[in-house]
Amino acid sequence: MKQILSLTDLSNDLFFEIFDYLDVLDLFQAFFNLNQRFNLLVIDRHNSFQANMISLKSYKFSIYKNFILPHIACYIRYLSISDELNYLQIILQSISFTNLLSIKLYHVKLKELKIILQHCQLKYFFIDTNYIQNEKHLNEIFKILFNQQLELSIMQCHFHTNLYFIEEKNKLSKLRRVIIDCDCFSSDFIVLISQLRELRYLNARINDYNREYMDKDIDHLTGNESLHSLILHIENIELDRLLLIFSLMINVRIIDLNGTIDFDINHVLELERNYTSFRYMNYKFLSLNFLYIIGLIFFLNGFLLTRRVILQNSIGTFPLSIPIEFNQVILIVIDALRYDFIKPNNDSITNNYLNQMPFVQELLEIKSKQSILLRLIADPPTTTLQRLKALTTGTLPTFIDISYNFIGYEIQEDNILNQLIKSSYQRNISLLGDDTWLALYPNIKFKHLYVYPSFDVHDLDTVDNGILKHLWTVIEDTRHEQLSFIIAHFLGVDHCGHRYGPLHIEMKRKLNQMDDVIRNISLSFNKSNSSSLLIVIGDHGMTQQGDHGGDELNEIETAMFIYTNKPNYFLSLNQNEKTVSQIDIVPTLSWFLHILIPYSSLGMMIIDIIPLEQRYIAMKLNFEQIEIYLKHISLTLSLSDKLQELRANLHTIFISFDRERNLTMIENLFNEFKFELQTHFRLQWSTFNVYRIIIGLILMLISCLIFLLIFMKLFNYENIIFNISLTLMYFVISFSNSFIINEAMCLYFFLQTIILISKMKILKKFLLSFLLFLTRTFLICREEQQPYCIDSIWLIKKFSDTSDYFLSFMATIVWLIILILTCNYSYLLPYISYICVVGYWFNIPYILSIFYLSIIIQICFVLLNPNHFDKLIYSILIFVVGYRFSFVIFLQYFIYYIIFNNNNNNNNNNQSFSLFLSILADYFFYATGHQPVLSQIRWTAAFPTLNSSINIYLSLIINSLIVRGIFILIETFSGQILNVIVIRKLYQKK
């Protein structure tokens with residue numbers, strides 16, 4: 001291989017590559033006249049130069065004129081030049097551009113233009129006539145450009161005055177692509193397209209402001225068969241005039257409009273039917289949308305709360321006077337362990353989740369001095385990631401944190417695992433189970449690591465069995481070491497709740513399994529000589545439907561069970577049922593692990609489970625950590641007077657008081673400080689920014705009012721009254737408490753009232769009211785509505801029985817009718833998806849993979865032809881909505897069908913019915929079994945059972961969080977999505 005020692009050793013091909021990136025001026029200044037080789041390379045006849053002579057200083061122009069152009073003028077293919085200082089005139093006196101293909105001219109003059117066009121075979125031409133105000137000269141330029149003898153195929157014009165394109169008929173031009181960046185009149189435009197017979201693409205601006213139409217276009221109303229693509233910016237043009245232009249373009253298939261013309265919806269839909277691609281962008285509407293979005297950003301900024309994160313760590317050493325209590329600490333996290341799942345229940349009521357952990361009850365009775373059961377209250381949102389964050393950092397979550405539940409993000413704040421690593425005792429850490437821990441702590445070096453994917457809620461056993469396969473080996477392996485900490489996160493109970501609900505027999509099996517785990521660990525403790533501690537906690541609870549995420553009592557109420565092999569460790573414990581905050585686990589667990597409390601923790605020691613002789617030091621250590629944090633956070637967050645008072649009292653006590661004689665008083669004051677501290681910060685981080693919310697609402701209201709003022713001319717007098725009445729009624733009832741709690745029923749009553757006062761026939765009124773009444777069957781209750789609202793068992797149950805086959809059969813018929821009415825038989829993919837989903841409903845194996853393949857194929861078809869987008873949504877809706885709510889989808893479609901048939905011959909009511917249909921879409925959010933609370937989100941839409949070998953190849957796509965998120969969004973807002981699709985389809989049929 002040849003060694004390169006200097007620039008001249010480089011190959012010619014490499015220099016040609018370099019030359020392509022250089023401007024002509026830079027190229028000559030850098031390489032020309034270096035030696036003969038470079039001179040030949042620079043002016044090689046195979047080169048094609050691009051000369052940019054716009055905004056040249058006089059000395060640079062001299063270099064071009066005297067030094068560069070004489071050598072390469074015949075090789076220049078692309079030229080950009082401004083004639084503002086007569087540069088072009090000077091150059092043309094001595095130089096000829098014989099091979100020029102493309103030119104951009106600024107401030108051009110007529111004489112120089114004629115010379116260029118006569119001597120060059122141009123293909124592309126751009127002209128800017130900033131200094132030509134004489135319309136005769138402009139028309140003369142167009143006569144030249146439109147000459148048939150020219151080989152021009154692309155032309156772009158930018159003029160600084162309104163054009164009279166043609167006053168006499170020119171010869172036909174061969175132009176195929178024209179871009180006109182100046183305003184022209186519709187009459188001139190009509191003449192233009194009639195004369196450019198080979199035109200394929202046209203981009204122009206039409207403005208008929210302050211000018212009457214010329215009669216000259218009457219003689220040119222002939223169609224243009226060559227034009228295929230049209231982009232127009234339109235201002236001040238009558239709709240009939242625009243439609244006339246469209247009628248002359250026979251083969252146009254792509255139209256892109258923008259401007260301020262006010263289209264009637266029927267004209268827009270008519271144009272959509274006539275053209276393969278039709279887009280219309282109204283600038284007034286866009287500006288109002290922009291104002292609305294700004295208001296929405298202000299509103300969300302004030303409503304979606306965030307918490308300031310302090311990236312500092314607790315530093316120092318653990319008190320040397322406190323010995324290490326436990327060599328081995330095992331933390332068992334049972335996901336969604338509700339308090340009543342583990343609490344002994346003496347009532348005669350029996351079901352599949354009460355008293356299903358008998359060994360725990362046995363330990364609490366027989367070894368009451370070695371075991372304890374506490375009720376834990378978790379802070380909403382009750383999603384796993386937020387709870388794990390609270391269990392390791394001791395911080396309080398905010399509402400905005402829920403968005404991270406599915407993407408997982410590394411915890412930067414100080415936490416228990418971080419303190420374990422930094423501790424001088426070097427306690428090793430092992431992790432088994434839910435892989436969410438690994439997403440939160442990717443940099444922790446675990447001695448043993450066995451984690452499994454956590455989001456397949458249909459899988460009850462893979463994670464739990466994986467833990468049990470390795471847990472006993474890990475316990476035995478770490479028992480012989482000096483210090484160890486084992487985390488095992490079981491998911492079976494949570495997944496059972498999501499899939500079946502707590503009443504199913506599978507819940508009994510999973511709770512019995514967890515009871516056996518606790519039994520085996522406690523037995524292994526009893527055989528061990530080293531002191532060990534078992535902590536069993538739930539991260540959150542679950543509703544009676546098996547879901548979680550909100551703030552219902554069943555969702556936030558979980559449990560903590562503790563067992564140790566040290567006799568009489570909980571000797572001083574009050575055996576009455578005790579309730580503590582979940583974040584109090586953090587300082588308590590830190591004490592047992594012999595590490596410092598994380599810096600930002602707001603948890604306070606659960607003093608009752610700490611030995612009496614250690615409580616004073618434990619409270620003092622906890623208060624010192626809180627004191628450091630409060631000094632930092634108080635710089636940006638105000639503290640209440642009561643909190644400051646309690647803080648000062650405790651500060652004085654821990655400096656001067658006799659701890660033994662006043663321990664009870666200190667504990668009471670400590671617990672009072674704990675309550676005030678956590679209450680204060682919960683209030684601070686749940687208080688909305690009212691000013692931003694008001695600003696956002698005002699901006700959104702202004703945009704809506706301006707919209708009404710601008711487009712008021714579209715409404716007749718009766719429609720104005722009807723729309724304003726509907727809007728005011730909807731606006732007023734939204735301020736009532738009943739509307740907030742019972743929004744579904746308020747909307748139902750509102751819609752029934754509108755139907756009653758409408759001008760429909762009696763029979764149609766009755767039919768609509770009856771169909772709307774049937775949708776009430778599918779309404780799901782929320783916690784605030786109980787006990788006055790009771791859910792139908794068949795609607796909320798998550799497990800199958802005989803009645804489900806009847807529901808599946810009915811859903812099969814319903815969706816077949818919808819597909820027949822909406823999808824053409826020639827496009828079979830939605831029917832294939834339909835057959836696959838129906839097979840899935842009837843438990844046919846290996847069928848769901850075919851469904852996913854059909855969805856992927858349909859996505860490809862949508863990319864090629866966006867008109868198939870509706871069919872893709874139908875295919876996904878069939879799957880995500882499920883058979884229980886398919887019937888309400890059919891009712892929604894049937895209601896819309898009746899409304900549109902009634903309104904078929906009454907275009908004056910279009911806007912009124914648009915408002916009515918938007919309210920109807922809001923109602924069908926509830927009618928499809930949803931509520932605006934996190935616990936009512938049906939996560940199972942994103943995690944179906946997929947028992948096919950083809951899953952290996954599809955898993956990369958199907959298991960992506962984006963796909964799952966899309967499925968959940970489509971299922972949650974299926975009512976609104978179907979509203980848009982059905983309205984568009986029914987309008988088109990009209």
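**Angles, burial and phi: how the labels are reached**

Biologist: Helix α2 (residues 24-31) packs against helix α4 (residues 58-72) with the axes 11 Å apart and at an angle of about 80°. What makes α2 roughly perpendicular to α4?

Modeller: The rule counts angles under 35 degrees as roughly parallel, over 145 as roughly antiparallel, 65 to 115 as roughly perpendicular and the rest as oblique. The angle here is about 80°, so α2 is roughly perpendicular to α4. The axes are lines fitted to C-alpha atoms, for helices over the stretch in contact, and angles run from 0 to 180 degrees between N-to-C directions. Helices are DSSP runs of H or I with at least four residues, strands are runs of E with at least two, and both are numbered from the N terminus.

Biologist: What are the conditions on the model?

Modeller: It is a predicted model, in which local features need pLDDT of at least 70 and side-chain atom pairs count only at pLDDT 80 or more, while totals for chains, interfaces and linings use all residues. Residues are numbered from 1 along each chain as its sequence is written, and side-chain values use heavy atoms, with hydrogens and water left out.

Biologist: Which residues of α2 meet which residues of α4?

Modeller: Val24, Leu25, Phe28 and Gln29 of α2 meet Lys60, Ile63, Tyr64, Phe67, Ile68, His71 and Ile72 of α4, where contact means heavy atoms within 4.5 Å. By class there are eight nonpolar, two polar and one charged residues in the contact of α2 with α4. Ala, Val, Leu, Ile, Met, Phe, Trp, Tyr, Cys and Pro count as nonpolar, Asp, Glu, Lys and Arg as charged, and the others, Gly among them, as polar.

Biologist: Ala51 lies in strand β1 (residues 49-53). How do you know whether Ala51 is buried or exposed?

Modeller: Buried means under 20% relative accessible area, exposed over 50%, and partly exposed in between, with a 1.4 Å probe and protein chains only. Ala51 has a relative accessible area of 3%, so Ala51 is buried. Leaving aside residues up to four places away in sequence, Ala51 touches Val24, Tyr64, Ile76, Tyr78, Leu79 and Ser80. Its C-alpha atom is separated by 6.9 Å from that of Asp23, 28 residues away along the chain.

Biologist: Why is Leu705 called partly exposed?

Modeller: Leu705 has 45% relative accessibility, so it counts as partly exposed. This residue is in helix α25 (residues 690-710).

Biologist: Which helices pack at about 175°?

Modeller: Helix α18 (residues 492-499) and helix α19 (residues 505-527) pack at that angle, about 175°, with their axes 9 Å apart. That makes α18 roughly antiparallel to α19. In α18, Gly492, Val493, Cys496 and Gly497 meet Glu506, Met507, Lys510, Leu511 and Met514 in α19. The contact of α18 with α19 has five nonpolar, two polar and two charged residues.

Biologist: Why is α28 called roughly antiparallel to α29?

Modeller: The axes of helix α28 (residues 743-757) and helix α29 (residues 762-775) come within 10 Å and cross at roughly 170°. That angle makes α28 roughly antiparallel to α29. Tyr748, Leu751, Gln752, Ile755 and Leu756 of α28 make the contact with Lys765, Leu768, Ser769, Leu772 and Phe773 of α29. The residues of this contact divide into seven nonpolar, two polar and one charged.

Biologist: What makes the phi of Asn355 worth a remark?

Modeller: Most residues other than glycine have a negative phi. Asn355 is not a glycine, yet its phi is positive, about 55°. It lies in the loop between α12 (339-342) and α13 (358-366) and, at 30% relative accessibility, counts as partly exposed. Asn568 also has a positive phi, near 55°. Asn568 is in the loop between β17 (557-564) and β18 (579-581), and its 46% relative accessibility makes it partly exposed.

Biologist: How many disulfides are counted?

Modeller: A disulfide is a pair of cysteine sulfur atoms within 2.5 Å, and by this rule the count is zero. Among the cysteines, Cys836 is buried at a relative accessible area of 3%, while Cys860 is partly exposed at 42%.
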